[in-house]
Amino acid sequence: MPEKFGGVRLNALRELTVAKVKEFMREPEAVFWVFLFPVLLAVVLGFAFREKPPDRIPIGVVSGPGSSPAVTSLSQSPALQPRAYTAEEGRNALRTGKISLLVDPGPPVVFHLDETRPDSRIARLAADDALQRAAGRADPLSVRDEKVTEKGSRYIDFLIPGLLGMNLMGTGIWSLAFSITSARARRVLKRLIATPMRRGDYLLSQILGRLAFLLPEILLLAGFGWLVFDVPMRGSLILFFALCLLGTMSFCGLGLLIASRVRTVEGVSGLANFVMMPMWLLSGVFFSTERFPDVAQPLIRALPLTALNEALRGIMNEGQGIVEIAPQLAIITAWGVVSFAVALKIFRWK
Amino acid sequence: MASPTPSSAIRCRGLVKRFDDVVAVAGLDLEIARGECFGLLGPNGAGKTTTIEILEGLTEPDEGEVEVLGTTWQGDGHALREKLGVSLQETQLNEKLTVAETIRLFRSFYREGRDPEQVLAALALEEKRDARVGKLSGGQKQRLAVACALVGDPELLFLDEPTTGLDPQSRLQLWQQVTAFREQGGTVLLTTHYMDEAERLCDRIAIVDHGKVIALGTPVELIRSLQAADVVELLSEPMLSEEELRRLPGVSDVHRRGPNWALAVHSVTESVPPLLAAVEKAGARLTHLSTHRATLEDLFVSLTGRELRDA
C-alpha cells in the first residue's frame, strides 16, 4: 500500500513539525531572542552611531576694538565657532582645551595655538582662510566638495546585514541543538525511536520547524532597517531570500552537529557558545573584519558567518549578483554539507 | 532466522549485556506466549530494564538471541515497531505539548491505530486534554505514557515499572487498562518491584536477580515452591538462634527480615504454639509477633536472603 504508507509518512512529518513549532512558540524567551532582540540591538546601535554633521571647532577671539568684525568673519567658516574672551580668559581656555585656538585680531593678527593638537592646526588653517577672505583675498581656483555619506556606506547599513546574519546563525544553531539535546537528555528521543517513526522525519521536522520562523525573522529585521533607517536593498530580493535560506540550512547543519552526541543541556549550551562566540567577534557583525591582522584573514573569511555577512552586505549595499557572491555561497554550502554529513554519521539517539 | 513459533510472542536465549565492568544481564532466557501477561519481578539493578530494552530493540545485547513476534531485531525493525507499544521507565514526553497533542503525535507514527479520543477517554485523561505535559502529576504522566503506548493498537505491550511512585487510585486505573488490553488478546511484558502488582496482573512471573532468572512460574506455583502457606515474623529479647527456630515443627525456612526472624511455615496453627513455648523456655521476652499469607516477597527473601525493596 504505497499511497497509504506515503500518507502516514507525511502525516508523521507534519505532526512532528507542528509539535516543533508549538514547542518554540510556547517558549517566550526563545521568541524574544529570535524576534525582538535583534531589532532592539538595531535600534540602540542605529541611534548611537547615527550620522551627525561634523562639530564646529570652538575658538576664542581676544576682546578689543577689532574683535567684533573678526568674530563675524570667523563665523563665516563652517568649521569654526568663535567667541570673544579677555586676553586672560582666552589663554586659560586655550590651556585647558576648552578652545583650540585663540585669535588676537591685532593688527597684526596673532594665532595662539598648541602645534601638537590636530584640532588646533585645523582651526588655524580655517581661521586664516576666513580672515584672509574677509580681508578681500580672491581665490584664483574654483573648487567644489562632493560629500560621500550616501546610503549603503553608513554604520546602520553595515549593521543590519550583520545582525541578520548573526540572528540566522543563532536561531539555526539554538533551535536544533537545544531542542534535540533536551529531548535526548529527557529520554524523549529514546521513546520516539521505540515507535515506527522514521528517524529522518524527526530530523527533517527540526529543520522545517526552524524554517517556519525564517520569513518573519527576516522581514522583521530587514523591514525594520528599511522602514526606520532607510537601509538599501540594491540587489535581487530573490537572491537575498535564497541566501538567507542557504545560510539557515548551513547553520541547521552546524546545530545538528553540535547536538549530535551531547547528553546534557548544560553541555550543549557550552558547546554552542564555544562555536558561536568566535564568529560574533570575528565575522564582522558589529565592525569590519578588516580590523584583524592579515595573517588571520584567511581563517576569518572561511567562517560561515563571515561569508554570510559579506554576501548579505554585497547584495543589500552593493547590489552584487550571484557571480560576485559565489565564493561566499561556496563557503556556506561547504559548511552545511560537511556538518550534515558528520552529524548524521555520529548522531546518538539514546 | 530461527523458525517462528506462532504461539510465542517473545523468545530470548542466553542474553548477556555488560556496561563497562558491570554485568547487567548475565545469561537470561525467556519464552512468553501470545496473550500472556508476563512479569519480570526483581529489585532495582537486577537487570529488568536492560532486559526489557533489549527486547524492545532499544539496546543491543552483547550475546544471545532475541525473537519478538516471530522476527529478530536485525535491520531497522520498522515493521516490528508497528506492532509494539512501549512505556519506558519514568517516560518523559515533551513538556510544552498538551496531552491531546502528544497522543495525536504518537498516533501519527503508526499506520494503523486507535482513535486518540478513545484512548484519551480510556485512560481518564479527558479533563486534562488541553493541559501541558509539564503540568501533569506523576500519575497523569504515567497514564499518558501508557496512552502513547496503546494508541498504535499494539499486539505486544512493554511496561517498565508502570506504577512506580503512583498513588493507589492511579495504580488501579492502570491495572484496569492492562486487564482490558489483555481481554482483547494483547500480550504484556511488565517489570515491577511490587509483588502485589505482579500477583494481581501476571499469568507468569520471572524473578530476576543479578541479571538472571532465579525463579519462574505462575504466582501460585512460585508461592507453593516456598513450601509454606504462611509466614511468621517475630522479634524477641534476647533473640532465639536460627537452629532453634529451624527445629520447630512445620518450619520450612528461616530468614532475617530487618531486625526480625521470618519463618516460612505450613500453617500458623501448627507452628505458633511450639514457637511461643520455645520463647518461654529460653526465658526471652516477645516484642513482636505477626503472621501473613506467604507472598512473592517471601519467596524472594527465601531465594536471595534479601528483600525486594532494598536489595
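**Where the chains meet**

Reply: Happy to: 22 residues of chain B are in contact with 21 residues of chain A, contact being C-beta atoms, placed from the backbone, that lie within 7 Å. The model is a predicted one, where local features need pLDDT of at least 70 and side-chain atom pairs count only at pLDDT 80 or more, while totals for chains, interfaces and linings use all residues. Residues are numbered from 1 along each chain as its sequence is written, and chains are lettered from A and ligands numbered from 1 in the order in which they are written.

On the side of chain B that touches chain A, α2 (78–81) and α3 (99–107) of chain B each supply at least two residues. Helices and strands here are DSSP runs, H or I of at least four residues and E of at least two, numbered from the N terminus. The largest share, four residues, comes from α3(B). By class, this side of chain B holds nine nonpolar, six polar and seven charged residues; Ala, Val, Leu, Ile, Met, Phe, Trp, Tyr, Cys and Pro count as nonpolar, Asp, Glu, Lys and Arg as charged, and the others, Gly among them, as polar.

Now the sheets. Chain B has three strands in an open, antiparallel sheet, in the order β2-β1-β4, where pairing needs at least two DSSP bridges between two strands. Nine bridges link β1(B), residues 8–19, to β2(B) in antiparallel fashion, and B:V16 has B:A26 in β2(B) as its bridge partner. Helix α1(B), residues 48–55, packs on this sheet, touching β1, β2 and β4 of chain B, and its direction makes about 125 degrees with that of β1(B). Such angles run from 0 to 180 degrees between N-to-C directions, with axes fitted to C-alpha atoms, for helices over the stretch in contact.

In chain A, four strands make an open sheet of mixed pairing, ordered β2-β1-β3-β4. Its edge strands are β2 (80–85) and β4 (110–112) of chain A, and the twist averages 25 degrees from one strand to the next. Three bridges join β3(A), residues 102–104, to the antiparallel β4(A), with A:V103 opposite A:F111. Helix α4(A), residues 87–95, packs on β1, β2, β3 and β4 of chain A, at about 155 degrees to the direction of β1(A). Helix α5(A), residues 118–134, also touches β1, β2, β3 and β4 of chain A, at about 60 degrees to β1(A).

Key: Contact = placed C-beta atoms within 7 Å.
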